[in-house]
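These are review notes for a colleague who has not seen this structure before. Please read them with the structure open.

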Amino acid sequence: MAIVDIEGVRKVYHRDSQEITVLDGINLRVPEGEFVALMGPSGSGKTTLLNLIAGIDRPTSGRVMVAGTDLSLLSEGALASWRSHNVGFIFQFYNLIPVLTAVENVELPLLLVRMSKAQRRERALTALRVVGLADRALHYPRQLSGGQEQRVAIARAIVTDPKVLVADEPTGDLDARSAQEILELMETLNKQFRKTIVMVTHDPRAAERAHVQRHLDKGVLTA
Amino acid sequence: MRYLPYILKHLRRNWMRTGSTIVAMSICIFLFCTLQTLIRAVTFNLKSANANILVMRHAVSLVFNLPIAYKERIASVPGVTRVGIANWFGGSRRPGEFRDFFPNFAIDDAFLEMYPEYIIPPDQEQAYRQDRRGCIIARKLSVERGWNIGDTFQLESFIPPYRVGRPFEFVVRAIYDADEKRHPGTVDNLMFFHYEYLYEMTNQRAGIGTYRIQIADPAQAGAISKAVDALFENSDAQTHTETEAAFRAGFVSLAGNLAYLLNAIGLAVTFTILLVTANTMSMAVRERRTEIAVLKTLGFPSGLVMGLILTESAALGALGGALALGLSSLAIGNLTKLPFIGDAVRGFPDLGLHPLVALLGFGLAVALGVLAGLIPAFLAFRARITDLLRSA
């Protein structure tokens with residue numbers, strides 16, 4: 001069964017009087033538990049497609065079904081709530097909140113869930129243990145390396161136990177060794193925890209880790 | 001509550017900017033509280049003005065006295081039930097030194113009967129009436145100066161006709177209390193003594209500063225005022241009679257322009273602080289565009305993000321307000337000890353940071369904080385995640 005089912009999606013941006021078609025008639029099906037890499041040159045529409053899957057953007061036309069929900073039918077509020085339960089987002093530049101410790105950053109998505117402070121802390125620590133950073137729970141982002149920051153960001157993405165993980169060039173800002181570690185961690189999440197992962201990457205070595213590679217060019221899926 | 005640590009951590013993020021904004025806010029609220037306290041002190045005794053009492057003074061100025069002979073003629077006017085006397089004595093223990101000043105009046109017995117708000121035990125009032133040098137002092141004065149029943153002290157007036165080459169000696173015969181609930185606005189730092197004593201000590205040169213005229217029907221105040229003034233229209237000392245409220249308001253109007261000026265200054269400072277705080281919040285939000293995008297991506301509804309920014313802004317105002325209240329309380333409490341300013345405000349009754357002024361000041365601080373955060377919060381509310389991420 002496809003956890004991501006995209007059908008005839010178009011995305012058009014308007015800049016001044018110009019109309020820019022970023023995605024043009026995209027059809028994509030991602031089965032549950034799949035690890036998909038989206039590749040393509042800059043401006044090909046990879047990140048836009050990822051944003052549509054994550055529910056942080058809406059298509060101009062077409063249908064985006066993720067985890068059994070047609071996202072185009074949801075209001076802004078309902079979409080926000082849907083995101084908090086179904087999707088974990090991993091950014092290229094980690095985007096941790098600098099004034100919060102690692103564990104507080106991981107706790108953030110849990111603030112939206114009705115649970116006690118102790119339960120929240122316990123779940124955040126569990127997520128940090130999964131990414132191997134339990135001993136750095138009280139460190140601030142500035143006290144962590146890039147690789148460690150990305151691990152914390154991954155812990156934040158998985159703490160609500162979402163069905164789908166979307167990653168926008170998760171290794172793009174890391175050195176080779178850290179990138180390897182992050183990719184290994186994502187493989188583990190996919191294999192052991194059965195997380196469906198959709199990853200945008202420029203890096204062929206990163207893409208090799210995925211089960212399926214899809215290529216985008218000028219808003220069209222070419223392979 | 002679960003978001004509070006998150007908000008507080010953000011306030012600490014740029015402590016220099018947060019600190020300077022809090023200090024700026026606190027200065028604004030401090031000014032507001034201090035100015036409002038002064039205005040309140042100036043207008044305080046308007047509250048206790050009696051509707052059935054008229055005040056008659058010399059038509060030219062309070063500086064000039066009226067003849068004693070007027071008393072009987074005023075009393076003969078229909079509608080007048082009682083006529084009392086009150087002369088501003090202007091006495092202090094060291095003449096010309098206002099540090100030691102408190103308001104004191106020479107009165108007659110009819111005056112006391114007209115003002116039941118000065119609550120005096122009957123035995124003490126009796127003792128006062130029987131002693132020509134006797135005086136009545138406020139409880140507050142008794143506590144502040146350590147004067148008790150039977151104690152003597154001397155005062156010397158700075159008003160030329162009352163300067164007789166030696167000080168007046170007084171004996172404390174009664175201490176009055178004020179009931180703020182039954183008679184709000186009763187002045188609680190006065191001293192009264194016998195007009196006869198003043199009359200004798202000045203070799204019968206002291207005239208009457210003001211006549212207090214009690215009337216049966218407050219609705220007739222205008223007509224009676226005209227009637228009594230008409231009695232003396234062709235005399236050397238023409239009179240001006242008005243309600244007690246109008247008489248007191250006349251004093252307040254002397255400070256009216258000052259109050260207007262103080263309010264204008266306060267308003268200008270408040271507006272400036274609003275701009276400063278709004279700028280701080282705008283910068284804080286602009287710096288956090290990515291974080292706002294992250295919060296929204298994680299599933300924080302736009303309304304909640306807006307609420308977090310507004311709460312942070314309100315917290316900034318609340319911290320400034322709290323600091324200001326501490327400063328105001330300290331400053332107002334010590335205002336009378338300052339040179340020059342202290343001399344000017346020492347005679348004001350009830351000079352202190354009133355809870356209502358404090359509440360207003362704190363409310364203003366929080367409101368300023370919320371107002372300052374409104375636009376940045378609304379922009380964060382409306383911003384699309386992809387736009388925020390792209391512009392980061």
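1. L38(A) stands opposite R214(A) in β9(A). The two strands here are β3 (residues 35-39) and β9 (residues 212-217) of chain A, which pair in the parallel sense over four bridges. Strands pair if DSSP finds at least two bridges between them. Helices (H or I, at least four residues) and strands (E, at least two) are DSSP runs, numbered from the N terminus.

2. This is a predicted model, in which local features need pLDDT of at least 70 and side-chain atom pairs count only at pLDDT 80 or more, while totals for chains, interfaces and linings use all residues. Residues are numbered from 1 along each chain as its sequence is written, chains are lettered from A and ligands numbered from 1 in the order in which they are written, and side-chain values use heavy atoms, with hydrogens and water left out.

3. In chain A, an open sheet of six strands runs in the order β6-β7-β8-β3-β9-β10, with mixed pairing. The edges are held by β6 (87-90) and β10 (220-221) of chain A; each has a single partner strand, so one side of each is left without a neighbour in the sheet.

4. Helix α1 (residues 46-54) of chain A lies across β3, β6, β7 (164-168), β8 (196-200) and β9 of chain A, and runs at about 155° to β7(A). Helix α2 (residues 76-86) of chain A also packs on the sheet, where β6 and β7 of chain A are touched, and its direction makes about 80° with that of β6(A). Axes are lines fitted to C-alpha atoms, for helices over the stretch in contact, and angles run from 0 to 180 degrees between N-to-C directions. Contact means heavy atoms within 4.5 Å.

5. How do the axes of α4 (residues 117-130) and α5 (residues 146-158) of chain A cross? They come within 9 Å and cross at roughly 130°, and the two helices are therefore oblique to each other. Angles under 35 degrees count as roughly parallel, over 145 as roughly antiparallel, 65 to 115 as roughly perpendicular and the rest as oblique. A127(A), L128(A) and V130(A) of α4(A) meet V152(A), A155(A) and I158(A) of α5(A) in this contact. Its residues divide into six nonpolar, no polar and no charged. Ala, Val, Leu, Ile, Met, Phe, Trp, Tyr, Cys and Pro count as nonpolar, Asp, Glu, Lys and Arg as charged, and the others, Gly among them, as polar.

6. The axes of α5(A) and helix α6 (residues 176-191) of chain A come within 9 Å and cross at roughly 20°; α5(A) and α6(A) are therefore roughly parallel. On the α5(A) side the contact residues include I154(A) and I158(A), and on the α6(A) side they include L185(A) and L189(A). The contact divides into six nonpolar, three polar and two charged residues.

7. Chain B is divided into domain 1 (4-44 + 255-391) and domain 2 (60-237), with bounds from an automatic or database domain assignment. Their C-alpha centres lie 46 Å apart.

8. Strand β2 (residues 80-88) of chain B pairs with strand β10 (residues 210-215) of chain B in the antiparallel sense over six bridges, and V83(B) has I213(B) as its bridge partner. Three bridges join β2(B) to β4 (residues 104-107) of chain B, again antiparallel; there N87(B) is partnered by A106(B).

9. Helices α12 (residues 302-333) and α14 (residues 355-382) of chain B have axes that come within 7 Å and cross at roughly 150°, which makes α12(B) roughly antiparallel to α14(B). The residues of their contact divide into 19 nonpolar, seven polar and no charged.
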